[in-house]
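Have a look at the fold first, then at one residue within it.

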Amino acid sequence: MSPRRPCPVCSREIAVVGGRFARHDPPGRRTVLELVSCPGSRRIAPMMAPAERLFDPEEPPFPGQQPLF
């Protein structure tokens, strides 16, 4: 399952595949039989915020603990 983020154009929750928003229809019902994609389809998705670190890699987690390598 792909992560979902709001489209910057229509604000619908859209799957992000390969760093781009998946192709999707604009919100609302279609009035004609033509297939129309939202202008936000296939746009590059902004990067998500990096995950928080559990500990500082420069400092050992416990006082006195030595690095293994």
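What follows covers the model, the sheet and one arginine.

This is a predicted model, where local features need pLDDT of at least 70, side-chain atom pairs count only at pLDDT 80 or more, and totals for chains, interfaces and linings use all residues. Residues are numbered from 1 along each chain as its sequence is written, and side-chain values use heavy atoms, with hydrogens and water left out.

**Chain overview**
- You'll find zero helices and three strands here (DSSP runs numbered from the N terminus: H or I of at least four residues for helices, E of at least two for strands).
- Of the chain's 69 residues, 17% are buried (under 20% relative accessible area, 1.4 Å probe, protein chains only).

**The sheet**
- The three strands form an open sheet in the order E1-E2-E3, with antiparallel pairing (a pair needs at least two DSSP bridges).
- Strands E1 (4-6) and E3 (20-21) sit at the edges, each pairing on one side only.
- E1 is joined to antiparallel E2 (residues 13-17) by three bridges, and Pro6 stands opposite Glu13 in E2.

**Arg5**
- Arg5 belongs to strand E1.
- Arg5 is buried yet has no salt bridge (a side-chain nitrogen of Lys or Arg within 4 Å of a carboxyl oxygen of Asp or Glu); Glu13, the nearest side chain of opposite charge, is 8.1 Å away.
- A polar atom of the Arg5 side chain lies 2.2 Å from the backbone oxygen of Pro46.
- Beyond its neighbours within four places in sequence, Arg5 is in contact (heavy atoms within 4.5 Å) with residues including Phe21, Ala45, Pro46 and Met47.

Methods: Buried < 20%, exposed > 50% of the residue type's maximum accessible area, 1.4 Å probe, protein only. Lys, Arg positive; Asp, Glu negative; His and termini not counted. Polar contact = N/O pair within 3.5 Å; in protein donor to acceptor, adjacent residues only side chain to side chain.
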